Amino acid sequence: MSWVWFHKLGSPPHFYRIAGRWVRWLAWPAVLLGAYGLIGGLAIAPADYQQGEGYRIVYVHAPAAWLSLMIYTTMAVSAAVGLIWRMNVAHAVAASCATIGASFTVLALATGSLWGKPMWGTYWEWDPRLTSELLLLFLYLGYIGLRSAIEDIPRADRASAVLAIVGVVNVPIIHYSVVWWNSLHQVASVMKLDRPSMPTSMLLPLLSMFLAATLLFVALMLTRARGEVLRRERTARWIGEALQQESA
Amino acid sequence: MSELTADNLHLWRGDLHVLRGLSFSLSQGQCLQVIGANGAGKSSLLRALCGLLPLESGTVRWRGQDARSDLPAFQRQLAWLAHGAGLKADLTPIENLRYAVGMRRHGNDSAIAGALDQLQLDRDSQRRLVRQLSAGQQRRVGLARVLLLQCPLWILDEPTSNLDEAGQQLFADCLQQHLSTGGAAIIATHQLLGLQGTQPTPLELH
Amino acid sequence: MNWLAMGGYAQYVWPSYALTLIVIALNIWWARRSLARARQEAHRRIATQKERA
Amino acid sequence: MDITSPGRAAALLIRRDLRLAMRKGGEWLQPLLFFLVVTTLFPLALDPQLSRLRDIAPAALWVGALLSSLLALDLLFREDGADGTLEQLVLSGVPLAWLLLAKTAVHWLLTGLPLVLMAPLVSTALGAPYAAMPGMLAALLLGSVALSLVGAIGAGLMLNVRRGGALLALLVLPLATPVLIFGARATSMAIAQQAYDAPLYLLAAITVLAATLAPLAAAAAVRIGIE
């Protein structure tokens with residue numbers, strides 16, 4: 001029955017073991033893909049005919065921006081699963097996503113403004129993408145703030161799950177409001193991201209950076225989720241054996 | 001067939017395992033008295049039974065049906081009296097009861113006044129703001145709400161706290177009347193309930 | 001080594017990559033620390049439960 | 001068993017909250033006074049020239065409206081949560097989202113509407129022409145409703161959480177940015193006597209969305225909050 005994996009993943013001891021293995025399996029491809037992306041982006045790919053070498057920042061900015069949104073969505077989906085099916089593992093995953101997502105949102109904002117300086121002449125430009133990214137950061141900080149304000153873990157899980165779900169519903173609304181707002185005031189300054197044709201030597205490193213970033217996130221998240229599962233586990237005997245097994 | 005059955009209830013408060021696989025059943029006309037040291041989880045158990053606090057595991061069945069499957073229907077069957085007054089301080093007892101009972105069923109002012117008289121709250125206090133009443137008087141207004149809701153199941157947390165001797169006797173009579181008409185009750189209190197007929201069954205939490 | 005000069009954009013490209021490595025390193029350190037701390041807590045909890053049982 | 005219908009229960013709840021507000025009038029005036037104070041800060045920060053003020057009037061009005069609705073959220077659940085009546089609402093058997101919609105309606109009536117009624121006075125002081133009034137009032141009416149509804153979610157989440165006014169702002173303000181964007185835009189177009197129906201329609205869409213979804217989220221938040 002296809003749902004078996006879903007229930008098996010739901011059981012903390014199983015998740016704790018599986019996640020441990022996945023972290024090891026994912027770490028290496030992430031490093032390799034990342035290395036290829038970095039070298040490709042910095043050295044092999046030709047300069048952009050308009051922006052010259054400054055364009056190479058896209059190889060870190062785009063994956064970071066992609067991660068910030070993908071992580072928030074993952075967080076909201078696992079929070080919803082945790083709330084609806086009352087699965088502690090899902091809440092553990094949601095709790096693990098928050099700080100990783102916030103850190104990559106900050107990275108996306110920083111690399112975005114560093115990229116903006118040569119293009120727009122200023123470090124901060126109320127560009128629709130950057131502004132949405134900033135508001136996404138506030139959503140993250142609100143989530144992290146609420147979670148840390150409630151001591152009781154199960155209650156913090158449920159309250160922050162409601163916030164994550166409300167937040168994810170609002171992300172597209174906020175984004176398109178900002179795009180609408182920006183389009184009125186000045187010419188849309190399109191970031192050199194959605195270019196029609198990109199030579200493969202430019203595209204391949206970018207794709208591998210995207211993949212590396214995603215694998216890195218999953219590995220990071222699963223590492224934290226294993227800890228979060230332990231914190232949510234009440235008195236299960238399995239913790240004892242799992243810890244002995246690990247340290248042995 | 002019992003009114004309310006709970007089996008294998010587990011509940012934690014922080015990392016304190018307050019309910020460890022608790023099971024019990026409650027039939028019509030029966031009163032369960034929950035006793036235990038402070039912090040043993042008496043209030044948590046009662047709030048969990050009402051559906052205010054989610055249980056980590058275990059089920060609560062009301063007349064054979066899982067309470068959680070249709071929680072509003074189950075909650076309409078019970079009257080919950082918390083440790084606090086559960087009243088608006090800036091309303092009079094009559095106004096409080098008109099709104100609190102009106103939420104559930106069509107009450108009318110004469111029934112409300114009747115209930116307050118039954119609990120011997122003098123007419124003058126019935127029209128003063130709850131803020132100006134003593135804790136004992138506020139407790140009587142809370143008990144009047146429980147009477148007026150006319151629910152088969154009472155779940156009361158320290159109902160006789162702040163009540164004087166006469167008040168406790170009044171409550172005992174109301175409880176006796178409730179049980180004799182086939183009602184059931186779960187009460188967390190250390191005081192003797194002073195029932196005449198069948199004595200309350202103790203439920204020990206340790 | 002004009003590659004390092006990044007066609008005049010060195011002051012923007014290199015900080016971006018440096019920041020990226022910092023954020024990645026920070027996250028790795030955070031993740032491992034939170035797992036280690038959770039394990040210690042679990043150890044302590046098991047110890048206290050053994051006493052109480 | 002003559003069970004009360006949700007409609008009648010909501011009406012009762014509205015009457016109860018209105019009666020309570022009558023008895024504690026002062027408390028409900030504070031958000032309005034806060035709005036007046038905040039909007040008078042802007043001219044002091046800029047300069048008294050009306051033509052210059054006209055440009056920032058939408059910003060002053062809408063940032064003022066946003067902050068005062070945030071301030072007013074404390075009046076929504078905190079007292080009911082403390083005295084145990086919120087628990088009784090949850091146990092009433094009437095759908096909680098419906099009851100919270102009624103409570104939010106009263107909350108808007110007492111903190112949102114006065115603000116809208118005061119806005120013409122404030123906006124004239126900020127140099128808005130008389131012709132801008134209808135557009136501005138429509139936008140503020142819709143916007144304040146949406147703010148109260150979205151704010152109710154934040155208020156629910158903050159139940160029994162350590163005094164966190166700033167956290168409440170951090171939770172609610174990002175969700176309120178679309179209201180700010182479309183509301184301020186409609187107001188500035190109204191002031192400039194341009195056609196303001198585009199942002200107004202978008203604002204109305206957000207308000208309708210908030211009216212349907214926000215109470216559900218607020219109910220979930222309250223159920224968790226009173227644990």
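# Notebook: a predicted four-chain model

**Chain C.** I began with the secondary structure of chain C and found 2 helices and 0 strands. Next I looked up the overall dimensions. The C-alpha atoms of chain C fill a box of roughly 70 × 15 × 5 Å along the principal axes. The radius of gyration of chain C is 22 Å, whereas a compact globule of 53 residues would have one near 10 Å. I also checked burial, and 25% of the 53 residues in chain C come out as buried.

**Who touches whom.** I went through the chain pairs. There are 4 pairs of chains in contact, and chains A and C share the most contacts among them. Chain B and chain C have no contact, and their closest C-alpha atoms lie 9 Å apart. Chain C and chain D have none either, with the closest C-alpha atoms 24 Å apart.

**Chains A and C.** I listed both sides of this contact: 32 residues of chain A meet 28 residues of chain C. On the chain A side, the elements giving two or more residues are α3 (58-85), α4 (88-120), α7 (200-232) and α8 (238-247). Which of them gives the largest share? That is α4(A), with 11 residues. I sorted the chain A side by class as well and got 15 nonpolar, 10 polar and 7 charged residues.

**Val171(A).** Val171(A) sits in helix α6 of chain A, residues 153-185. Buried or partly exposed? Val171(A) has 18 other C-beta atoms within 10 Å, so I put it down as partly exposed; the cut-off for buried is 20 or more. Setting aside residues up to four places away in sequence, Val171(A) touches Tyr72(A) and Leu136(A).

**Chains B and D.** Here the contact takes 24 residues from chain B and 23 residues from chain D. On the chain B side, α2 (71-76) and α3 (93-102) are the elements that give two or more residues. The most comes from α3(B), with 4 residues. By class, the chain B side divides into 13 nonpolar, 5 polar and 6 charged residues.

**Thr85(D).** For a look from the chain D side I took Thr85(D), which belongs to helix α5 of chain D, residues 85-90. Apart from its neighbours within four places in sequence, Thr85(D) is in contact with Gly86(B), Lys88(B) and Asp80(D).

I traced an open sheet of 4 strands in chain B, in the order β2-β1-β4-β5, with antiparallel pairing. The edge strands, which pair on one side only, are β2 (16-26) and β5 (65-66) of chain B. I then followed one pairing inside the sheet. Strand β1 (residues 4-13) and strand β4 (residues 57-62) of chain B run antiparallel to each other over 5 bridges. What is the bridge partner of Asp7(B) in β4(B)? Thr59(B). A helix goes with this sheet: α1 of chain B, residues 42-50, lies across β1, β2 and β4 of chain B, and runs at about 125° to β1(B).

**Positive phi in chain B.** Last, I looked up two backbone angles. Gln150(B) is not a glycine, yet its phi is positive, about 50°. Gln150(B) is in the loop between α6 (135-149) and β7 (153-157) of chain B. It has 16 C-beta neighbours inside 10 Å, so Gln150(B) counts as partly exposed. Glu158(B), also a residue other than glycine, has a positive phi near 55°. Where is Glu158(B) found? In the loop between β7 and α7 (165-180) of chain B. With 19 other C-beta atoms within 10 Å, Glu158(B) is partly exposed.

Definitions and conventions
Residues numbered from 1 in each chain as written. Chains lettered and ligands numbered in written order. Predicted model: local features only at pLDDT ≥ 70, side-chain atom pairs only at ≥ 80, totals over all residues. Contact = placed C-beta atoms within 7 Å. Nonpolar A, V, L, I, M, F, W, Y, C, P; charged D, E, K, R; others polar. Rg over C-alpha atoms; globule rule 2.2 N^0.38 Å. Buried ≥ 20, exposed ≤ 12 C-beta atoms within 10 Å, placed from the backbone. Pairing = 2+ DSSP bridges. Axes fitted to C-alpha atoms, helices over the stretch in contact; angles between N-to-C directions.
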